[in-house]
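Hello,

Here is the structure I promised to pass on. Please open it alongside this note.

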Amino acid sequence: MMRVKRAAITVLLSILLVISLVAAVILMRTISSGYDIPDTEHVSYTDIPHDDAVQRLSHALQYRTISTQEDREQHRHEFDAFIDFIRDSYPLIHENLELEIVNNYTMLFKWEGSRPDLSAAMMQGHYDVVPVEPGTFEDWTYPPFEGTIADGFVWGRGAIDDKSGIMSYMEAITYLLERGFQPERTVYIALNHDEEVGGRQGARKVADLMLEREIDIAFLTDEGMPVAEKILEGLEHPIAMIGVAEKGYVSLELNVNKEGGHSSMPPRETTIGALSAAITNLKQQPMEGRFAGLVRETFQPLLPDLPFIYRMGLSNLWLFGGVIEERLGFIPHTNAALRTTIAPTMFHAGIKENILPQTAEAIINFRIHPNDSVREVLYYVQETIDNNKIEVRVLEGAREPSPVSSTSSVAYLDMKQTIHEIFPDVPVAPAMFLAATDSRHFTEVTENLLRFRPIRVRPDDRGRIHGTNERIGIDNYAEMIAFYIRLIENTTTGLQATI
Ligand SMILES: [Zn+2]
């Protein structure tokens, strides 16, 4: 009896020991997880002619350089006028850099470096904008095409996407030229004109030129991720994200044909029923998403600022990985970072309320995670719907996800360093860009594609991009100009310019 009791106590003690060991490991990992912001010296430029720069941005927003799928030529004169405006506003650039107009509207500048043996750098952005949705003009606090400067902001379509980007390039280059700066590396600057409708006439043509001329490009910097504030509830600290990858894209058409008939005697399976069941299956069994790789790296710097319970989960994925994946899967923007997303966007069937339709057709749009491919999406859909009466067709315009750019390249590290110099106290993390940029055309031109704009974005700003009341903070615009001055200094001269 004694022996049994003693054995029970030993077992109990061992269990307690294991539990406390596990708890200690969890706690240790939770406490030691963190991100050290390197002790970088803050760099600032006090002599940027800021008021003039803001005026020029305001002016840039007044051009209706609108891209629409239907009628590209409709705003042609606005594009011509914008090119003249850039010419007139930045005379020093026109004196010192070569300008080539690609395919009528895209401006490609070449800033010759002093060392032809070095590979070139490239900076890209776009000056076309999306239209203002009819019926929403009145909702704007200040009209969308007047470039109003008020309340500490410059307001207008393109203020965030992407005129502040390209205008801050121009300001930064002018600033450097005025001070006699000469890059060692040649710098190409492309101001594209049709990013909002796919970039086939602008960025694609520039990329083709680069390939044709066999120009060696060390890295390309483009619009992309911002300095995001409050990306999770309860999180005060901003984070600067460098987009090192971009999702792929495919739309699939699902089509089912059956005998029609009178709706008074419906068969067991109807066209609408079969198609709805297929879509329900897809929504209920999404493609696999794992909290690993890039998405995990994105979260790493946020750990110290997260509530204890989140920190514990995220630093102990060996135990809580499943729970974390499930939770993040519920929030649309984190779910999109985790996996290939499924969005049924069109559904057509039926012509009359008492006739069973003979055909039903749905279109589903997928944004493909770098872990997957167009083929894998197709295979997954066929397996999941498991109904050979439904035909699945890949629609035009599919593209694979981009390769993931390295986070240990000189270009990435230089950009990270520049962010720390201009935005002290802001951690930097690589991330996946969930929409598309013109960078997609450059995957053969360079392997270092860095999609980042030093724009401070809060959750309520997300709706302003392509939406109502787009605006950029005046102080933030000063940071953007400083950022690009520093980025050019850091990446085109000195020790770094050795690759
Ligand atoms: Zn854009």
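First, the ground rules. This is a predicted model, where local features need pLDDT of at least 70, side-chain atom pairs count only at pLDDT 80 or more, and totals for chains, interfaces and linings use all residues. Residues are numbered from 1 along each chain as its sequence is written, and side-chain values use heavy atoms, leaving out hydrogens and water.

**Domains**

The domain assignment, automatic or from a database, gives domain 1 (50-245 + 402-492) and domain 2 (248-394). Their centres, taken over C-alpha atoms, are 33 Å apart. Domain 1 brings 19 residues to the contact and domain 2 brings 14 residues. Contact means heavy atoms within 4.5 Å.

The area buried between the two domains is about 1500 Å². That is accessible area (1.4 Å probe) lost when two parts are put together, summed over both. Carbon and sulfur atoms give 75% of it. On the domain 1 side, Leu232, Met432 and Leu434 supply 34% of the area buried against domain 2, more than any other three residues. Salt bridges (side-chain nitrogen of Lys or Arg within 4 Å of a carboxyl oxygen of Asp or Glu) between domain 1 and domain 2 number zero.

**Helix pair**

Helices here are DSSP runs (H or I, at least four residues), numbered from the N terminus. The axes of H7 (residues 271-284) and H12 (residues 374-385) come within 9 Å and cross at roughly 115°. Axes are lines fitted to C-alpha atoms over the stretch in contact, with angles running from 0 to 180 degrees between N-to-C directions. H7 contributes Ala278, Asn281 and Leu282 to the contact, and H12 contributes Tyr380, Val381, Thr384 and Ile385.

Best wishes

Conventions. Helix = DSSP H or I, 4+ residues; strand = E, 2+ residues; numbered from the N terminus.
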